[in-house]
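Me: I would like to learn how to read a structure such as this one, feature by feature. Please take me through it slowly, giving the general idea before the particular case.

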Amino acid sequence: MKPPPFDYHGPASLGETLQVLAEVGPHGKVLAGGQSLIPLLNMRLAAPAHLVDINRVAELDTIAAGPGGVRVGALARHAAVERSAAARAVQPLLGQALRLVAHPVIRNRGTVVGSLVHADPSAELPAVLALLGGSVRLARLGGEREVGAAEFFTGPLESDLAPGELAVSAFFPALPERSGTAFCEVARRHGDYAMAGVAAAVTLDEDFRIAAARVACVSVGPVPVVVDVTEVCGPRPAASADWDAVARAVQDRIDPEEDIHATATYRRHLTGVLVTRALRSAADEAGQGAL
Ligand SMILES: Cc1cc2nc3c(=O)[nH]c(=O)nc-3n(C[C@H](O)[C@H](O)[C@H](O)COP(=O)(O)OP(=O)(O)OC[C@H]3O[C@@H](n4cnc5c(N)ncnc54)[C@H](O)[C@@H]3O)c2cc1C
């Protein structure tokens, strides 16, 4: 199918983009990598009267890695962030998650910020942002606001972005020293959205005991489900953690739905397995970094 008719806008600067978005308001949609929006248009599941293509706005094509974290601009492609040694060094979870996003050809075009705004509960990057307590910067003509991940994702394919706003960047905070991360998932075919997936972060104390542990689960709720499992892990070395108890604690906190890909029971089971796998791997990485 072909998309319904729309007026095309190709602004060349951020200021021009915000001006156009203010003019078209609720009738406009931003076009970034197009890897989610174009299929939606072609299937006529979206029919905006105006398409605002930001691909010429070079000032949005940025990746800034500093000691506090990584700020990714709205035009930074998945592949560019995945390949950025500076971004991977500051926040390894970005690279660990991005290699699981779709296929290389889609990652060459799709953007990190577009994926966050699209807010698919099966997508990896919303879980990464939620796990790390990151944020999205939203700009409109005459102002901007920074929205934390917990408030940004409001439902399946729904975010806090208001009509007339552009998501200009996202911030992925760094973790304290002696931290490790991992992203584990199961998909029916390589590159498909995950039937279940778990992002994990573990921080060890000076005696190599677990000081903090969190997971964010995908495909098991309307938004990424973040569970702090620090207390269940207890202040003990990772080697003696009761991972089965941790997995059960997370399973108790999720409410997966059945669909054509998997039953709710299977998704709950998978999540438990992936929680153990991801936390073990994150704890290993934290231990290696501390040696
Ligand atoms: C075959 C296939 C498999 C895929 N598998 C996965 C997968 O396994 N995991 C995964 O996470 N994703 C997957 N994707 C989606 C892919 O990662 C997309 O690139 C991503 O979801 C959206 O990024 P985009 O830049 O292409 O956004 P677009 O498609 O351009 O836009 C998506 C939505 O976000 C809005 N938007 C985009 N950028 C902005 C902005 N800066 N400000 C305001 N609104 C904005 C658009 O208006 C639109 O509503 C897959 C896609 C395909 C086609």
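Predicted model: local features only at pLDDT ≥ 70, side-chain atom pairs only at ≥ 80, totals over all residues.

Me: Which residues have the most contacts inside the largest nonpolar core?

Reply: A nonpolar core is a set of buried Ala, Val, Leu, Ile, Met, Phe, Trp, Tyr and Cys residues joined through side-chain atoms within 4.5 Å, and buried means under 20% relative accessible area, with exposed over 50% and partly exposed in between (1.4 Å probe, protein chains only). In this model the largest such core has 52 residues, and those with the most contacts inside it are L116, F172 and F183. Its largest share, seven residues, comes from helix α8 (residues 124-132), helices here being DSSP runs of H or I with at least four residues, and strands runs of E with at least two, numbered from the N terminus. Apart from this core lies another, of 32 residues, among them A182, V198, I210 and A213.

Me: Is α8 mostly covered or mostly open, and what follows the helix?

Reply: The helix α8 is mostly covered, since nine of its nine residues are buried; including E124 and P126 as well as L125 and A127, the buried set runs on through V128, L129, A130, L131 and L132. After α8 comes G133, whose phi is positive, near 70 degrees.

Me: How should I read an aromatic pair, and how many does a search of the whole structure find?

Reply: A pair of aromatic rings is described by the distance of the centres and the angle of the planes. Rings of Phe, Tyr and Trp (its six-membered ring) pair if their centres lie within 6.5 Å, and planes under 30 degrees apart count as stacked, over 60 as edge-to-face and the rest as tilted. The search of the whole structure finds one aromatic pair. The rings of F152 and F153 have centres 5.3 Å apart and planes at 80 degrees, so this pair is edge-to-face. Both F152 and F153 are buried.

Me: What is the idea behind a salt bridge, and which residues are linked in a network of them?

Reply: Side chains of opposite charge can pair when their charged atoms come close. The criterion used is a side-chain nitrogen of Lys or Arg within 4 Å of a carboxyl oxygen of Asp or Glu, and a search of the whole structure finds ten salt bridges. One of them joins E146 to R71, with the closest N and O atoms 3.2 Å apart. That pair links distant parts of the chain, E146 lying in strand β7 (residues 143-148) and R71 in strand β5 (residues 69-73), 75 residues apart. Another joins the side chains of E144 and R137 at 3.9 Å, N to O, and R71, R137, E144 and E146 are linked in a network of salt bridges.

Me: How exposed are E146, E144 and R137?

Reply: E146 is partly exposed, with a relative accessible area of 36%, whereas E144 is exposed at 51%, and R137 counts as partly exposed at 26%. A further salt bridge is formed by R267 with D259, the closest N and O atoms being 3.2 Å apart; here R267 counts as buried at 4% relative accessibility, while D259 is partly exposed at 37%.

Me: Where should I look for the ligand, and which residues are the closest to it?

Reply: A residue is near a molecule if one of its heavy atoms lies within 4 Å of it. By that rule 31 residues surround the ligand, and the closest are V30, G34, Q35, L37 and T111.

Terms used. Residues numbered from 1 in each chain as written. Heavy atoms only, no water.
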